[in-house]
Amino acid sequence: MVSISSVVQMPPRQRLRHKLEFFFDHEIHQLPPAAKAKIIRIQVDIDRLDPLGWLSQQTAEIKTYWSDREGRFDMAGVGATDILHSQSTPDFSTVFSHMQQRLPANASVRYYGGFSFQPGSSLAQQWQEFGTYRFVVPQFEVYAAAGKTYLACNFLLSEDLPYPQQLAALLNQLNQLSFTPEKPSLRLPKVINRQDFPSQWGWQTMLKKALNTLQKDILAKIVLARRSDFLFSQKVEPLSLLMAIQQGHTRLFRFCFQPQAGKAFIGASPERLYHRLGCLLQTEAIAGTRPRGQFLADDQSLGQDLLTSEKDNREHQFVVHSLRESLSQLCKLVGLDQAPALLKLSQVQHLHTACNGILVDGVDDGKILSSLHPTPAVGGYPKQPAREAIEQLEPFERGWYAAPVGWVGHDNTEFAVAIRSGLVVNDQLSLFAGAGIVPGSKPRDEWQEIENKIRAFTTVLNPGQNKRRPLPIDSKIESKIV
Ligand SMILES: C=C(O[C@@H]1C=C(C(=O)O)C=C[C@H]1O)C(=O)O
Ligand SMILES: [Mg+2]
């Protein structure tokens with residue numbers, strides 16, 4: 001028997017091992033049968049540890065990272081206790097209810113993952129492992145919240161194996177984790193080639209077609225994206241790239257979904273699709289863009305220009321209008337900002353409108369997600385013709401770009417919109433970003449707008465290029481009436 005004081009001083013692995021052994025020896029027998037069918041989480045407090053840095057040192061194939069925009073928690077996950085994964089069209093409500101059945105009433109147990117942008121369409125080869133949806137409960141987590149760090153183990157009990165064997169399997173996995181004090185490497189291999197899809201010339205042609213359709217058709221806004229492929233001199237570590245693009249204290253959703261070694265979808269998105277806590281729903285419109293200025297004065301004048309731009313406000317209002325439409329169906333009470341404010345990020349500034357609601361009884365995540373996604377911030381308006389036009393016009397498949405990614409908890413769900421994101425496959429990175437096209441859009445300006453949006457990535461890929469003085473990154477949204 002180990003005394004309490006010696007347990008406190010033990011390194012993380014031993015502490016978790018003792019707690020797991022204690023659980024299997026004593027506590028498991030008192031568990032009600034209903035609890036045995038759900039995910040069980042055993043966790044210990046550990047000394048402060050950066051979850052992302054820790055994750056980058058793990059050798060596991062399956063890795064998951066999620067960092068909350070509001071700074072509520074950071075989760076670095078290794079392995080998978082449960083995986084929901086499919087290549088076919090999902091029924092959203094069934095996917096969510098499957099997760100809910102296995103989630104215990106423990107707020108920190110979550111499924112992490114997402115859906116593809118067009119879950120109704122087949123997936124290109126490079127997105128197969130991600131599927132039309134993929135959600136994972138990590139086997140082990142380094143989890144940081146409210147100034148504390150934890151090491152946690154999640155597991156499902158099996159009825160077919162004796163408990164000692166199940167414990168032994170978990171301890172074996174625990175032994176594979178690494179806890180080295182070394183600082184993770186931020187070094188990225190050299191970029192040896194960049195190719196854009198479409199090319200700048202192809203973009204002009206594509207936008208001409210889109211602008212023609214906007215004139216003739218019922219389509220009022222379409223968001224078109226570009227893919228920029230980077231080839232590195234050697235394999236690139238997705239988490240090193242994610243660490244490298246962490247700039248200042250910008251409030252972003254940062255994520256990495258790595259279903260297998262050498263393949264990961266990473267990103268740092270400013271945009272929330274929705275957050276649900278019980279019946280409280282939070283969503284937002286983010287659309288309309290200017291770069292950040294070099295100096296405070298031109299930064300402010302770019303912001304002012306954005307707030308008063310007729311074209312950007314038009315782009316923005318399609319999103320607001322569509323949110324209003326969706327929330328009028330989903331909610332019994334809706335609150336919306338009266339006018340857009342500026343959201344300042346490290347490289348660009350956007351128009352932002354916050355939107356909240358109280359859900360009608362019985363509205364589940366499946367209904368919320370299928371009603372909101374894709375918002376006209378990443379799809380277009382009206383939604384269906386916009387989706388079809390995107391499929392026709394874009395020369396690549398979006399896969400998980402601009403799709404809902406996030407987590408599902410016991411009575412709490414959050415999805416971000418997976419923009420400012422990239423797919424890493426061994427020595428290649430495909431970066432994605434798009435721009436809202438409305439009548440009056442100029443192909444060259446929209447090309448540049450996208451270039452600005454991926455600058456958080458491109459500055460770290462080409463060190464020395466695009467250097468500019470960092471301006472204050474305002475974490476709060478500057479309220480101004482247009
Ligand atoms: C589609 C993207 O961004 C969206 C398009 C914006 C715009 O066109 O002004 C602004 C923010 C996002 O809603 C992207 O970054 O890929
Ligand atoms: Mg725009």
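**Figure 1. Buried face of helix H13 in a predicted model.** Helix H13 spans residues 443-453. Its buried residues are Pro443, Glu446, Glu449, Ile450, Asn452 and Lys453. Buried means that 20 or more other C-beta atoms lie within 10 Å of the residue's own, with C-beta atoms placed from the backbone; 12 or fewer means exposed, and values in between mean partly exposed. Helices (H or I, at least four residues) and strands (E, at least two) are DSSP runs numbered from the N terminus. The buried residues of H13 pack against helix H7 (200-216), E10, E14, strand E17 (348-359), E22 and helix H14 (455-461). Contact here requires C-beta atoms, placed from the backbone, within 7 Å. The model is predicted: local features need pLDDT of at least 70, side-chain atom pairs count only at pLDDT 80 or more, and totals for chains, interfaces and linings use all residues. Residues are numbered from 1 along each chain as its sequence is written, while chains are lettered from A and ligands numbered from 1 in the order in which they are written.

**Figure 2. The shell around ligand 1.** Ligand 1 is surrounded by 19 residues. The closest are Thr289, Ala377, Ile419, Gly434 and Gly436. A residue belongs here if its C-beta atom, placed from the backbone, lies within 6 Å of the molecule. Strand E10 (221-232), strand E14 (280-291) and strand E22 (428-437) each give two or more residues to this shell. By class, the shell holds ten nonpolar, five polar and four charged residues. Ala, Val, Leu, Ile, Met, Phe, Trp, Tyr, Cys and Pro count as nonpolar; Asp, Glu, Lys and Arg count as charged; the others, Gly among them, count as polar.

**Figure 3. Two positions annotated by UniProt.** An unreviewed UniProt entry places the feature "active site" at Lys221 and Glu271. Such annotations may be inferred rather than shown by experiment. Lysine 221 sits in strand E10. It counts as buried because it has 26 C-beta neighbours inside 10 Å. Beyond four places in sequence, lysine 221 touches Glu315, Phe318, Pro376, Gly380, Tyr381, Gly436, Ile437 and Val438. Glutamate 271 occupies the loop between strand E12 (263-269) and strand E13 (272-277). Glutamate 271 has 25 C-beta neighbours inside 10 Å, so it counts as buried. Its contacts beyond four places in sequence are Ile286, Ala377, Ala416, Val417 and Ile419.

**Figure 4. The largest nonpolar core.** This core has 122 residues. Ile222, Trp400, Ala402 and Ala418 touch the most other members. Domain 1 (4-176) and domain 2 (191-461) each supply at least three residues. A nonpolar core is a set of buried Ala, Val, Leu, Ile, Met, Phe, Trp, Tyr and Cys residues joined through C-beta atoms within 7 Å. Isoleucine 222 touches Ala210, Leu214, Gly380, Ala386, Ala389, Ile390 and Ile437, leaving out residues up to four places away in sequence.

Figure 5. The chain divides into domain 1 (4-176) and domain 2 (191-461). These bounds come from an automatic or database domain assignment. The C-alpha centres of the two domains lie 28 Å apart. The contact takes 38 residues from domain 1 and 45 residues from domain 2. On the domain 1 side, helix H4 (51-56), strand E2 (63-67), helix H5 (92-102), strand E5 (111-115) and strand E6 (133-137) each give two or more residues. That side comprises 21 nonpolar, ten polar and seven charged residues.

Technical notes:
Contact = placed C-beta atoms within 7 Å.
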